[in-house]
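The sequence and coordinates come first.

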Amino acid sequence: MERAQEAASTEGPGRPAGKSGIALELLVHGVGGTTPQDMLGDPRTVRVTGDDTAAVFRRAEDADAESRPEDYRGRPVPEAYVWCNLTSGNSARALWLLLLPFMVVNLAHWMRPTARGRARTVRFYGLLVRLAGLTLTVLLVAAACEVALDLAAWQCAGTRACAARHSWLGFLSPEASHDGWWSRPGRRLALAALVPTALTGLLWYLSRRTWSAYESVQPVSRPDESEEDSARTSLGRPGFWYGRRLVARLRAAHTAAGLLTVAAALAASAARFDREPGGPALLDTLGWLLYAALAANAVVTLWVICRRGRTENRLDQRLDRHLVRRLPLAALGVLLFAAVYAGWERPGWESAGRLLGGGTAFGSIALAQGGLVIALGVVARLLYRTHPDPRAAMRGLAGPAVAMLACALGGVMSGGVSQRVSDWLDGTRASIDGPPVLLTWQSSVLPVLLLVLLVVCAWLGRGTWRLRRGEIDEVEADYPGERRDAARTRAIATTRAMATLTDRGPLIAAVTAATTLALGAAALVGAGLTDEAPGPAARDGQAFVHGTAQTAQALGSWLIGVGFILFVTWGRRAYKDASARRTIGILWDVGTFWPRAAHPFAPPCYAERAVPDLTWRMATWTRATGGRLVISGHSQGSVLAAAAAWQLKPSDRKRVALLTYGSPLERLYGRWFPAHFGPAALSSLHQEVDCWRNLYRLTDPIGGPVRLPGDCGPEVDHAPLKDPLAYGRTARHPLPAPILGHSDYQADPVFAEERERLLARLRPEVPGPRPQGESGRSSA
């Protein structure tokens, strides 16, 4: 292994650069991951460079290929970059399921439309998404406060019947503990506040741990660039894959926001009791001081969120150490102040009903999220009108729609936990009031949302069935002279028709987001006007309306319960089962490609490790040998390959050929992230690398053509590959050939042919850089 590392990373003193003619094929796998043995087709592999998280492998026989260039005159040296452990590692990754809404809102940041000359509007778009991410943090911590402070400590422990059913709450119950020290309402709340505080600490720890492991990987150093908007893409900027400073700032602000949320929940009821006539004057004064401290810290937190976005034009290695440390500590100090204030002795204070401020807090969060999504839609539309792209998903409104879905996910998770804990504590005895009315309304609209989605899915299914009928003729035309087999033809046509459903994703997202926004507004209005659950609120209406409201409420609660159980079961399975963790890792492969720009508690961006890895490997190879290099990316690997190519110096980029297959570069990334993978960006990539070839199949639900405008499109995109390779039984395929879809592109002979063409088109005569000029540099 040491010999392989030395041969791959250094240039022999007696070997002239650029004279060996040796070529390298760097393979990058896609979602789900694989093994180096499968990628290289050899059970004996050695690690060339890297660690247990991500590494480059070669076959054992190719370990010292650089010392035997004559053996590789007609073929490249294959290498495999394996990065699957970046998204599916140890059992702690199961906790990432809690971060799903944060991951989704972070995606919304990168979905802005292409814009030129609108730098301020682009920054305002990013600010709105960061504020939406902040509301999700507050919502999650508020839900923990609802469960621990309101349902458990305030309602259940303060009610004799509920506390009697849960002996572990006995020391908090005034009756069971005979007015023990902890049975005072404020002290119960202060003790229960440990739960949301611990949750905030857990989120801080996960973000801090992944920040040191992912954001600390420094990309290749390059000169700074101007801050003007690029007409191509910002993925090639020096600081794009290094968001260490921003994530640290956002982590401090979100941690402070979570702690301040707990402090506000602690202080609300105690301050109201102190403000009543005859209340203690000293505690009333302390309450106002506490509110002032809460407001001051909240203003500073908002300032940190609004003050700075991403720095991409340069490699920003500074850290705001004083801010990162002091802001959470100040918020923790306010929380301790609130705990002491709430736990102070108050004769005559008893817990009754729901904890003050719960419904108002959730209503305010929902209202703020709706306003932010609407404002984000207006800004996105303004950006889209500056440079319309007909292929962009939802005509530029994909970001606002996804932000709405993130808020809905946060609401469902928060409401689900509150509903399940309330049912567990109270059962069917109705001894406590339960969660705020708004959460019940929000769960009651879920059946309506699912009904709308079922209608949309039925419509899409009908369209797919009609498309399948048309594909039958296309399949017969693609396999002329074959003996017709109706079942075989239908299977191929069905696979092709089902693959087109990926292109309907924007429609599903648009309908879901619009319906969610409308139903959320209806739930907010209904809860505010009636202050009752939907069933009781409709009791004086017509029998049909009353029955419908009761059915929706019961069915919504059941759906929330089923979803919560499935969520917990999936997380538990992922914790114990490595294969289940790998399945969850596929979700992160797609969702965590982008850096954490809007939410610091989102799962970490694996590309901040993978892209610098690939860039360093390609740069060191082209400098050490001056030779040819084909980077071959499948599925998500093609996205990593393109991002790494953008990070190279122009002189190095011209020595690289790009082979993509099953690639979502245009079909998914170009449509959903047009500012970064739009037509201008992909066209520039085609012009800047030496050559590029893209392979796809009509049966592939993920990969597709690159669709470059003008004459570039046919030059990059190969004609759709046949799938299956043979219609019937042949001498080469005596058994029925499988329909491969998104997998095993190397099985097609066209793959090897196109790779050979790319290697032949690369210019082996390109001279390598002078050893004196490159030996001491780290730029690429």
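The model is predicted, so local features are given only at pLDDT of at least 70 and side-chain atom pairs only at pLDDT 80 or more, while totals for chains, interfaces and linings use all residues. Residues are numbered from 1 along each chain as its sequence is written, and side-chain values use heavy atoms, with hydrogens and water left out.

## The sheet

Helices (H or I, at least four residues) and strands (E, at least two residues) are DSSP runs, numbered from the N terminus. Two strands pair if DSSP finds at least two bridges between them. Seven strands make an open sheet of mixed pairing, in the order S2-S3-S4-S1-S5-S6-S7. Its edges are strand S2 (45-50) and strand S7 (691-695), each pairing on one side only. From one strand to the next, the twist averages 20 degrees. Axes here are lines fitted to C-alpha atoms, for helices over the stretch in contact, and angles run from 0 to 180 degrees between N-to-C directions.

Parallel pairs of the sheet can be followed through S1. S1 pairs with S5 in the parallel sense over six bridges, and leucine 24 stands opposite leucine 629 in S5. S1 also pairs in the parallel sense with strand S4 (residues 77-82), over five bridges; there valine 28 stands opposite tyrosine 81 in S4.

How many residues of S1 are buried? Six of the six are, so S1 is largely enclosed by the rest of the structure. Buried means under 20% relative accessible area, exposed over 50%, and partly exposed in between (1.4 Å probe, protein chains only). In a regular strand the side chains alternate between the two faces of the sheet. In S1, Ala23, Glu25 and Leu27 point one way, whereas Leu24, Leu26 and Val28 point the other way.

## Aromatic rings

Rings of Phe, Tyr and Trp (its six-membered ring) pair if their centres lie within 6.5 Å; planes under 30 degrees apart count as stacked, over 60 as edge-to-face and the rest as tilted. The whole structure holds 25 aromatic pairs.

In one of these, the ring centres of tryptophan 110 and phenylalanine 240 are 5.3 Å apart and the planes lie at 55 degrees, so the pair is tilted. Tryptophan 110 belongs to helix H3 (residues 100-110) and phenylalanine 240 to the loop between helix H7 (194-215) and helix H8 (244-275), so the pair ties together parts 130 residues apart in sequence. Both residues belong to a cluster linked by ring pairs, whose members include Trp83, Trp241, Phe593 and Trp646.

A second pair joins tyrosine 661 and tyrosine 745, with centres 5.8 Å apart and planes at 50 degrees, so this pair is tilted too. Tyrosine 661 lies in strand S6 (residues 656-661) and tyrosine 745 in the loop between helix H26 (712-716) and helix H27 (749-761), 84 residues apart.

| Residue | Relative accessibility | State |
|---|---|---|
| Tryptophan 110 | 1% | buried |
| Phenylalanine 240 | 0% | buried |
| Tyrosine 661 | 2% | buried |
| Tyrosine 745 | 1% | buried |

A charge sits over a ring if NZ of Lys or CZ of Arg is within 6 Å of the ring centre and within 35 degrees of the ring normal. Arginine 697 lies over the face of tyrosine 745, at 3.9 Å from the ring centre. Arginine 484 lies over the face of tyrosine 727, at 5.0 Å from the ring centre.

## Cysteines and helix H13

With a disulfide taken as a pair of cysteine sulfur atoms within 2.5 Å, the count is one. Cysteine 156 is joined to cysteine 162, S to S 1.9 Å. The torsion about their S-S bond is about -95 degrees, so the disulfide is left-handed. Cysteine 156 is buried at 0% relative accessibility, and cysteine 162 is buried at 0%. Elsewhere, cysteine 84 is buried at 8%, whereas cysteine 457 is partly exposed at 46%.

In helix H13 (residues 437-444), seven of the eight residues are buried, so the helix is largely enclosed by the rest of the structure. Among the buried residues are Val437, Leu438, Leu439 and Trp441.
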